Amino acid sequence: MDFATLDALRTHHPAWRLLRSDHAPLVASFLQRVFVAPNVRVMAAADLAEALEDELYALRLQLGETAFPKPAPDYLNDWAAPDKGWLRKFYKPGTDEAQFDLTPATEKAIAWLAQLSERQFIGTESRLLTLFDLLKQMSEGSEADPARRVAELHRKRDDIDAEMARVLSGDVPLLDDTALKDRFQQFMQGARELLTDFREVEHNFRQLDRRVRERIALWEGSKGALLEEIMGEREAIADSDQGKSFRAFWDFLLSSRRQEELTELLDRVLQLPAVTDLKPDSRMRRVHYDWMEAGEHTQRTVAALSQQLRRFLDDRAWLENRRIMDILHGIESKALALRGSPPAGTVMEMAEARADIELAMERPLFTPATKPVIADLALQAGDQDIDPSVLFDQVVVDKARLTRHIRHALQDRAQITLSELVLTQPLQQGLAELVAYLQLGSGTFGTVVDEDTPEPIRWQSWATDGQEITRIARLPRVLFMR
């Protein structure tokens, strides 16, 4: 925290540059709403630009047309530029559409801004107990004397027996509302910090992947030596404190028993009156699924590193790259030799620059366009009065909205029926929307059809005279699987 270090951070660190920016309120509020609050890791450029355009439109109505004059894509590209570093712009393999992701520095700045607001309740008891428990775990976990370890285990067993006897006698100690609020606030803070740490862990693995790609591109030695160096660095990272901690955390989350236990604990705690008074975020109920989603992104980054190594093992690609590098090195060596002792006379001849002449007779002649022949026929009026507006009535089903509805319903359960989906979100476009659900079941999601169990699907429509009609479609039970 000396002057030189802080001055360098103020100039070069993206988080500090964001706090100094004149557009910091727009950048922080928009990115927090789009990325941090819903735990979105990657968003397409078109979707992000559309969301920002809506945000800019609302701000221009409030602040005037000159408040933010540039279009949304220009702002996004500016925020992703190297001199800003608030967004990461990249392209997924096999696609030509740009993707955007939040950088760890931006998320740190947003988290710090969130702590500036005044808190009505600040708990200290739970944090003190947590620190005390951590010290006990470190002390007990580092004790090598078997006698002392056994004595500590006996003491814990005596405390448990005494507490069981007290509970059986009718003395059941309960946490009061203040203690519950204190511990739940600490849980929410830790859950949010864990999501922030995941983005930084993914960033560290991405930097490793970039260094490996640069080393492969510039390597001049043997392939075995390069593989030995890369695999050694990969094992060093996997065996590091950060790698071991992430692997233990990921193994914990992959346990189905732990997931069910976390779900039950969250459902029970969120129903407590003291916790309900805090009005927690609705996403807190599925925070462990957010952890898994963030961990999957980190695993994909590690998979990209492995894929790069597999490409390097392709002998054909290696030989081709080596041949190109040899040609380039040969050109460089010859250029360096000429720089020290330039030869006398003509070194290289180049053709004189000239203009391409195209004669007028070489150009194709004009060909008139063929005009359609329109027969001179008299139109006959029909005897039926048909409303022409029907020709312009088109039904367009928003499959993206249906996909979000299905994924949201499968967040806290393994399967859901089509009738339950329609019950929670009624059909707005009738039979066309029902057919869209079936198309998503056959293409995007895994489905199971129970032919032996019929299931009616009901929706409301309106007749030409304005009366509401209940329509029913009978089909076998369709189960959407996660």
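The side chains of Arg-477 and Glu-455 meet in a salt bridge, 3.7 Å from N to O (a salt bridge being a side-chain nitrogen of Lys or Arg within 4 Å of a carboxyl oxygen of Asp or Glu). This pair links distant parts of the chain, with Arg-477 in strand S6 (residues 468–481) and Glu-455 in strand S5 (residues 446–462), 22 residues apart. Please keep in mind that this is a predicted model, where local features need pLDDT of at least 70, side-chain atom pairs count only at pLDDT 80 or more, and totals for chains, interfaces and linings use all residues. Residues are numbered from 1 along each chain as its sequence is written, and side-chain values use heavy atoms, with hydrogens and water left out.

**Salt bridges**

- By the rule above, the count comes to 11 salt bridges.
- Arg-477 is partly exposed at a relative accessible area of 31%, whereas Glu-455 is buried at 9% (buried means under 20% relative accessible area, exposed over 50%, and partly exposed in between, with a 1.4 Å probe and protein chains only).
- Glu-433 forms a salt bridge with Arg-401, and their closest N and O atoms are 3.3 Å apart.
- Glu-433 lies in helix H18 (residues 431–443) and Arg-401 in helix H16 (residues 399–409), so this pair ties together parts that are 32 residues apart in sequence.
- Both partners are buried: Glu-433 has a relative accessible area of 0%, and Arg-401 has one of 18%.
- Asp-7 pairs with Arg-10 in another salt bridge, the closest N and O atoms being 3.2 Å apart.
- Asp-7 and Arg-10 sit three residues apart in helix H1 (residues 3–12), so about one helical turn separates them.
- An α-helix has 3.6 residues a turn, so residues three or four places apart point the same way.
- Asp-7 counts as partly exposed at 31% relative accessibility, and Arg-10 likewise counts as partly exposed at 33%.
- A network of salt bridges links Asp-78, Asp-83 and Lys-84.

**Surface patches**

- Patches are made of residues with over 30% relative accessible area and no salt bridge; like charges are joined within 9 Å, and nonpolar side chains (Val, Leu, Ile, Met, Phe, Trp, Tyr) within 5 Å.
- Negative charge gathers in a surface patch made of Asp-47, Glu-50, Asp-54, Asp-96 and Glu-97 (Asp and Glu count as negative, Lys and Arg as positive, and His and the chain ends are not counted; the place of a charge is NZ of Lys, CZ of Arg, CG of Asp or CD of Glu).
- Asp-96, a member of that patch, is found in the loop between strand S2 (87–91) and strand S3 (98–102), and is exposed at a relative accessible area of 74%.
- Leu-9, Trp-16, Leu-19, Trp-112, Leu-113 and Leu-116 form a nonpolar patch on the surface, with about 540 Å² of accessible area together (areas come from the Shrake-Rupley method with a 1.4 Å probe, and for residues only the protein chains shown count as cover).
- Helix H2 (14–20) and helix H6 (104–114) each supply at least two residues of the nonpolar patch.
- Trp-112 has its place in helix H6 and counts as partly exposed at 45% relative accessibility.

**Helix H8**

- Helix H8 (residues 146–168) has 23 residues and reaches 33 Å from its first C-alpha to its last, close to the 33 Å expected at 1.5 Å a residue (the expected span is 1.5 Å times one less than the number of residues).
- Helices (H or I, at least four residues) and strands (E, at least two) are DSSP runs, numbered from the N terminus.
- Just after H8, Gly-170 takes a positive phi of about 105°.

**Contacts across the sequence**

- Arg-300 is found in helix H14 (residues 287–312) and is partly exposed, with a relative accessible area of 47%.
- Between Arg-300 and Phe-205 there are 95 residues in sequence, and 10.0 Å in space from C-alpha to C-alpha.
- Ala-414 is found in the loop between H16 and strand S4 (415–417), and counts as partly exposed at 46% relative accessibility.
- Ala-414 and Met-481 are 67 residues apart in sequence, and their C-alpha atoms are 6.1 Å apart in space.
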